[in-house]
Amino acid sequence: MRGLWRTGRGRVRPLRWALALLAAALALPAAAAPAGDAWTTAATLHRGINVLGYDPLWTDPARARFQPRHFKVIRDGGFDFVRVVLFAFPHLDAGNRLDDRWLATLDGVVGGARAAGLSVILDEHDFDVCSADPETCRPKLLAVWKQLAARYRQEPASVLFEPLNEPHARLDAVHWNALLVELIAAIRATNPTRTLVIGPTGWNSLDQLSMLALPTDDRGILVTVHDYEPFRFTHQGASWADGGVKELHGIPFTDADAARIGRDLDRVADWSKANGRPVLLGEFGAYDRSGTPLADRVRYTATVRRAAEARHLPWAYWQFDSDFVAYDMARDAWVEPIRQALTGQVR
Ligand code: BGC
């Protein structure tokens with residue numbers, strides 16, 4: 001394979017990722033779904049986790065925190081899919097061509113996840129750039145998806161494409177719906193039956209579900225929402241949280257909060273039924289550096305997980321490493337109470 005991972009300081013680790021890729025080529029496809037039916041694909045997804053968004057892997061593989069073996073750790077930990085968080089834009093050249101080394105890294109990631117028996121959502125996460133400046137975003141996003149869709153067109157149905165995380169601001173419903181027409185056409189040119197993961201504007205808010213316009217004859221769409229409510233609990237102390245939330249500390253998770261989550265996910269399940277579309281809860285989680293007692297994070301996490309599963313909504317926790325963590329990279333071990341809340345017996 002050409003240009004496999006740039007070498008950096010210290011040891012080079014391309015071999016492990018190349019082996020993961022080889023293992024994937026030999027692996028059986030995870031639960032194949034019939035063409036074009038997102039309900040069938042959704043039925044193969046249960047418990048997922050967001051990975052790799054903020055890992056040095058993408059720019060300097062030698063410094064990667066996440067290693068190929070972590071896919072097996074995730075599988076053995078009780079999860080059946082990963083949502084791979086991709087920031088592709090910095091890896092485009094002036095002609096909007098994706099960098100070969102970045103693509104080779106992504107090949108290793110897709111292959112490694114598949115080899116571990118995990119389904120994979122490829123999530124394009126340049127949402128801030130796109131939401132602030134849709135005109136600049138449009139050609140880049142279309143170019144990214146033309147290239148990714150062509151490259152991964154032979155992957156099994158267990159590989160899903162999510163064109164853009166959390167559109168918001170200037171990517172309001174009108175502009176997002178218009179961009180979606182082009183994105184879906186670009187991907188469908190090479191992947192007529194691939195399951196696409198698409199959410200409403202407003203940071204994939206459930207309040208915006210009714211504004212999402214999807215092609216009625218395309219049944220290969222898994223709709224996604226993100227739920228961080230109550231925001232003042234999940235984002236307390238987070239530096240990027242607006243509205244005074246970053247100054248908050250010690251906010252507990254209450255029974256009223258739990259009841260609200262149940263009502264919100266009822267609305268999602270009702271929308272799903274009324275519109276004949278499966279829905280994925282693609283992100284939820286509580287910030288881990290705000291002094292929030294772990295016991296409250298655990299109770300919140302178990303509450304959302306239980307509420308989603310009671311409504312047959314597959315879910316993906318935010319996130320494995322970096323922040324909101326379910327895995328402690330320093331100890332190379334799960335934050336076991338969080339993993340239990342996500343995958344253990346529901347109490
Ligand atoms: C963003 C992260 C953020 C998380 C929770 C994600 O969609 O990419 O940067 O930490 O949401 O706010």
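Visitor: Which residues does R153 touch, not counting residues up to four places away in sequence?
Guide: In this predicted model, R153 is found in the loop between helix 6 (134-151) and strand 4 (159-162). R153 is partly exposed, with a relative accessible area of 44%. Leaving out residues up to four places away in sequence, R153 touches T190, N191 and R194.

Visitor: How far apart in space are R153 and T193, C-alpha to C-alpha?
Guide: Along the sequence, R153 and T193 are 40 residues apart. Their C-alpha distance in space is 9.8 Å.

Visitor: Is T224 buried or exposed?
Guide: T224 lies in strand 6, and strand 6 spans residues 221-226. The cut-off for buried is under 20% relative accessible area. T224 has 0% relative accessibility, so T224 counts as buried.

Visitor: Which backbone oxygen does the side chain of T224 reach, and at what distance?
Guide: Setting aside neighbours within four places in sequence, T224 is in contact with E162, V197, I198, G199, P200, N204, L280 and G282. The C-alpha atoms of T224 and L281 are separated by 5.8 Å, although these residues are 57 residues apart along the chain. The oxygen reached by the T224 side chain belongs to one of the contacting residues, L280.

Visitor: What is the relative accessible area of P314?
Guide: P314 is placed in the loop between helix 11 and strand 8. Beyond residues up to four places away in sequence, P314 touches A42, L45, H46, V279, L280 and L281. P314 is buried, with a relative accessible area of 6%.

Visitor: How many residues apart in sequence are P314 and L45?
Guide: L45 is one of the residues that P314 touches. Their C-alpha atoms are 5.8 Å apart in space. In sequence, P314 and L45 are separated by 269 residues.

Visitor: Is H312 buried or exposed?
Guide: H312 is found in the loop between helix 11 and strand 8. H312 has a positive phi of about 60 degrees, although H312 is not a glycine. The cut-off for exposed is over 50% relative accessible area. The value for H312 is 71%, so H312 is exposed.

Visitor: Where is W203, which has a positive phi although it is not a glycine?
Guide: The phi of W203 is about 60 degrees. W203 counts as partly exposed, at 46% relative accessibility. The place of W203 is in helix 8 (residues 201-204).

Visitor: What is omega for the cis peptide bond that joins E229 and P230?
Guide: P230 lies in the loop between strand 6 (221-226) and helix 9 (231-234). The bond that joins E229 and P230 is cis, with omega about -10 degrees.

Visitor: What percentage of the ligand's surface does the protein bury?
Guide: Polar side-chain atoms lie 2.8 Å from an oxygen atom of the ligand in the case of Y54, 2.5 Å in the case of H125 and 2.6 Å in the case of H235. Taken alone, the ligand exposes 310 Å², and the share of that buried by the protein is 87%.

Visitor: Where does the ligand sit?
Guide: Around the ligand are Y54, H125, F127, N165, E166, Y228, H235, W240, E283, W318 and F324. The ligand sits in the largest pocket.

Visitor: Which residues of helix 12 are buried?
Guide: Helix 12 covers residues 336-343. The cover over its buried residues includes strand 1 (47-51), helix 11 (294-310), strand 8 (315-317) and strand 10 (333-334). The buried residues are I338, R339, A341, L342 and T343.

Visitor: What percentage of the residues of the protein count as buried?
Guide: The protein has twelve helices and ten strands. Of its 347 residues, the share that counts as buried is 58%.

Notes:
Residues numbered from 1 in each chain as written. Predicted model: local features only at pLDDT ≥ 70, side-chain atom pairs only at ≥ 80, totals over all residues. Heavy atoms only, no water. Buried < 20%, exposed > 50% of the residue type's maximum accessible area, 1.4 Å probe, protein only. Helix = DSSP H or I, 4+ residues; strand = E, 2+ residues; numbered from the N terminus. Contact = heavy atoms within 4.5 Å. Near = heavy atom within 4 Å. Polar contact = N/O pair within 3.5 Å; in protein donor to acceptor, adjacent residues only side chain to side chain. Areas by Shrake-Rupley, 256 points an atom, 1.4 Å probe, with all protein chains shown as cover. 1 Å grid on protein atoms, 1.4 Å probe; cavity = no way out; pocket = protein on both sides within 12 Å on 5 of 7 lines; lining within 4 Å. Sits in = over half its atoms within 2 Å of the grid points.
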